[in-house]
Amino acid sequence: MKKVIFFLLFFFQLSHSQSNTNIAYLDVQFIIDNSEIGLFYKKKLKTLQELNNKNLKKKQKIIKDKETDVKNQKNILKDEELKKKISELNELVQKYQIDINKLNKTFLDQKKQYSETILKILNPLLTSYVDANNITIVIEKKNILVGAKSLDITANMLDILNKEIKEKKIINEN
């Protein structure tokens, strides 16, 4: 009998201790995309992408013009000259593909760097918010199947991040 009472008390104590756990969730990607610094970086990335596309279109036009020239001269040129022009065209296409891969890698690296910068600013803010509000666990929203809207701290963290950006004038430095 004493054992049963002991187990019941232990079980109720466990249940009670678990009920004091404060959990919240956060949509980190939403903050990265919609914060003032995120929008600033998104604008920089869009400008970079437009410049890259403009340069690639110029190269693409050169390749198409060379291809048209080769097709038009196909019946006129000797086999050796035709093979040489085709080889030159293939080299241009390969260089174009290498350029595309380099630009895509550069773009993705820049995007990753911007996200890391935002997260470096967000982390200490999130830590102090969690301490101030006695939150035990913060889970990323993409890992939540269903949760009460009251547990979502995304809007609060977005406001705090934007205030921090304004106070420290971080956008002007970049």
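1. Helices here are DSSP runs of at least four residues, numbered from the N terminus. The model is predicted. In that numbering, helix 3 covers residues 36-73, and L56 lies within helix 3.

2. L56 has a relative accessible area of 12% and is buried, since the cut-off for buried is under 20%. Beyond its neighbours within four places in sequence, L56 is in contact with Y96, D99, I100 and L103. Between L56 and Q97 the C-alpha to C-alpha distance is 9.8 Å, although 41 residues separate the two in sequence.

3. Helix 4 spans residues 79-132, and its axis comes within 10 Å of that of helix 3, with a crossing angle of roughly 175°. The two helices are therefore roughly antiparallel, as angles over 145 degrees are counted that way. The residues of this contact comprise 19 nonpolar, 7 polar and 8 charged.

4. The whole structure contains 2 aromatic pairs. In one of them, the ring centres of F40 and Y41 are 5.8 Å apart and the planes stand at 50°, so this pair is tilted. F40 is partly exposed, at a relative accessible area of 23%, whereas Y41 is buried at 4%.

5. Y41 also pairs with Y114: the ring centres are 4.0 Å apart and the planes are at 0°, so the pair is stacked. This pair links distant parts of the chain, with Y41 in helix 3 and Y114 in helix 4, 73 residues apart. Y114 is buried, with a relative accessibility of 10%.

6. F40, Y41 and Y114 together make one aromatic cluster.

Conventions
Residues are numbered from 1 along each chain as its sequence is written. This is a predicted model: local features need pLDDT of at least 70, side-chain atom pairs count only at pLDDT 80 or more; totals for chains, interfaces and linings use all residues. Side-chain values use heavy atoms; hydrogens and water are left out. Buried means under 20% relative accessible area, exposed over 50%, partly exposed in between (1.4 Å probe, protein chains only). Contact means heavy atoms within 4.5 Å. Axes are lines fitted to C-alpha atoms, for helices over the stretch in contact, and angles run from 0 to 180 degrees between N-to-C directions. Angles under 35 degrees count as roughly parallel, over 145 as roughly antiparallel, 65 to 115 as roughly perpendicular and the rest as oblique. Ala, Val, Leu, Ile, Met, Phe, Trp, Tyr, Cys and Pro count as nonpolar, Asp, Glu, Lys and Arg as charged, and the others, Gly among them, as polar. Rings of Phe, Tyr and Trp (its six-membered ring) pair if their centres lie within 6.5 Å; planes under 30 degrees apart count as stacked, over 60 as edge-to-face and the rest as tilted.
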